[in-house]
Amino acid sequence: MPSAAAPTAGRTTLAVILLVPVLAALLLWTFAWPAARTAPRDLPVGIAGPAAAADGLARELGRHEGAFEIHRYEDAAATRSAVEAREIYGAVVVTPAGPELLTASAGSPVVAGLLREAVTAGAAAEGRTVPVTDVIAPPTADPRGSVLGAGLLPLAVAGAATGVAALAGLAGAALTHSWLGALTGNWWAEAGVFALTVLAIGATFSGLATLLGKPGLGLAAVLTVLAGNAFSGMSSAPELLPTGIGLLGQWLPPGAGGQALRSVAYFDGAAAGGPVLVLSLWAAAGLTAVTLGGRRGRTAAESVPAAASASASGTPASASAG
């Protein structure tokens with residue numbers, strides 16, 4: 001007599017065979033598509049100087065259709081302050097000696113390179129040079145900002161695997177700041193961002209698992225490990241990703257955590273408020289879901305003995321409860 005387990009095993013094998021290429025395609029789309037479509041889209045940059053010269057620069061940058069979002073400033077000091085506050089990625093300042101480019105490669109080495117190319121290409125063709133000042137440069141231990149981009153996946157994994165956020169934050173700051181020298185801001189602020197990021201990711205996993213069970217774990221993995229990392233823009237910039245994807249990434253824990261960490265590590269906390277708020281909302285929502293799910297489970301567990309007792313006595317459970 002054929003075993004009933006054989007058809008079941010066959011169906012399982014078939015499901016795995018079909019699922020693997022689908023999963024591979026999903027992973028490829030999630031990570032490769034944004035990378036393949038990297039291009040400047042409304043990058044906020046500044047221009048300062050006399051009106052006539054500034055207008056000419058704005059027209060020159062405007063030739064890169066849809067690439068730059070131009071902000072006008074009165075002078076070099078105001079422009080530099082805007083760069084330091086992370087309001088813009090860089091700026092062109094018109095001086096008596098000619099234009100000067102201000103960048104902040106700590107904010108995004110890729111964007112800093114794009115600005116150099118866009119601003120200096122025309123001048124180089126005319127035999128002129130444009131001085132470049134890196135207002136906020138990354139540390140010499142991590143000149144390309146690789147540690148920030150590479151650190152998101154471990155944070156997501158740590159959040160999924162552990163709820164000890166404070167210890168994870170201390171460990172993260174000790175590794176990236178004290179040992180690697182890749183972060184140069186306030187040590188405790190960096191540890192706090194690490195911890196909050198791990199808490200937000202961990203709470204997301206716990207909350208969705210409590211509400212939805214195993215499907216909730218899968219959804220949390222998509223939001224944090226997969227889409228959260230691929231859409232974060234930390235290896236380039238959110239404005240370089242396809243329209244809408246970069247913005248979505250900033251509302252997911254890895255993207256928000258990466259931007260908050262960049263702010264406290266290099267910009268003295270400038271523009272960290274929004275990302276910290278996003279992380280706090282994810283953490284609060286996840287913990288709330290865990291609490292509500294726990295109460296629902298306890299209520300269901302308490303109703304079982306009551307129903308059994310009422311059944312044994314021949315009294316309906318509703319009457320017994322009344």
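A salt bridge is a side-chain nitrogen of Lys or Arg within 4 Å of a carboxyl oxygen of Asp or Glu. By this rule, the count comes to two salt bridges. Side chains of opposite charge can pair when their charged atoms come close.

The structure is a predicted model, in which local features need pLDDT of at least 70 and side-chain atom pairs count only at pLDDT 80 or more, while totals for chains, interfaces and linings use all residues. Residues are numbered from 1 along each chain as its sequence is written, and side-chain values use heavy atoms, with hydrogens and water left out.

**Overall composition**

The protein has twelve helices and five strands. Helices (H or I, at least four residues) and strands (E, at least two) are DSSP runs, numbered from the N terminus. Of the 322 residues in the protein, 39% are buried. A residue is called buried under 20% relative accessible area, exposed over 50%, and partly exposed in between (1.4 Å probe, protein chains only). The accessible surface of the protein is about 16500 Å², and carbon and sulfur atoms hold 66% of it. Such areas come from the Shrake-Rupley method with a 1.4 Å probe; for residues, only the protein chains shown count as cover. A contact means heavy atoms within 4.5 Å. Among the contacts in the protein with a separation of 6 or more, 68% are between residues 24 or more positions apart.

**The salt bridges**

| Residue | Relative accessible area | Class |
|---|---|---|
| D55 | 31% | partly exposed |
| R72 | 45% | partly exposed |
| E60 | 34% | partly exposed |
| R63 | 66% | exposed |

**Helix α2**

The expected span of a helix is 1.5 Å times one less than its number of residues. For the twelve residues of α2 this gives 16 Å, and the end C-alpha atoms are 16 Å apart, which agrees. The buried residues of α2 are A54, L57 and L61. Seen down the helix axis, these buried residues fall within an arc of 60°, so they line one face of α2. The arc is that of the directions from the helix axis to the C-beta atoms. The cover over the buried residues of α2 includes β1 (43–48), β2, β3 (90–95) and α4 (109–125). On the other side of α2, A51, A52 and R59 are exposed.

**Further sites**

Q259 is located in helix α10 (residues 253–266) and is buried, with a relative accessible area of 10%. Apart from neighbours within four places in sequence, Q259 is in contact with R86, S232, M234, P238, Q250 and P275.

P143 lies in the loop between β5 (132–134) and α5 (146–161). At 44% relative accessibility, P143 is partly exposed. P143 and A106 are 37 residues apart in sequence, and their C-alpha atoms are 8.2 Å apart in space. With neighbours within four places in sequence left aside, P143 is in contact with P109 and P138.
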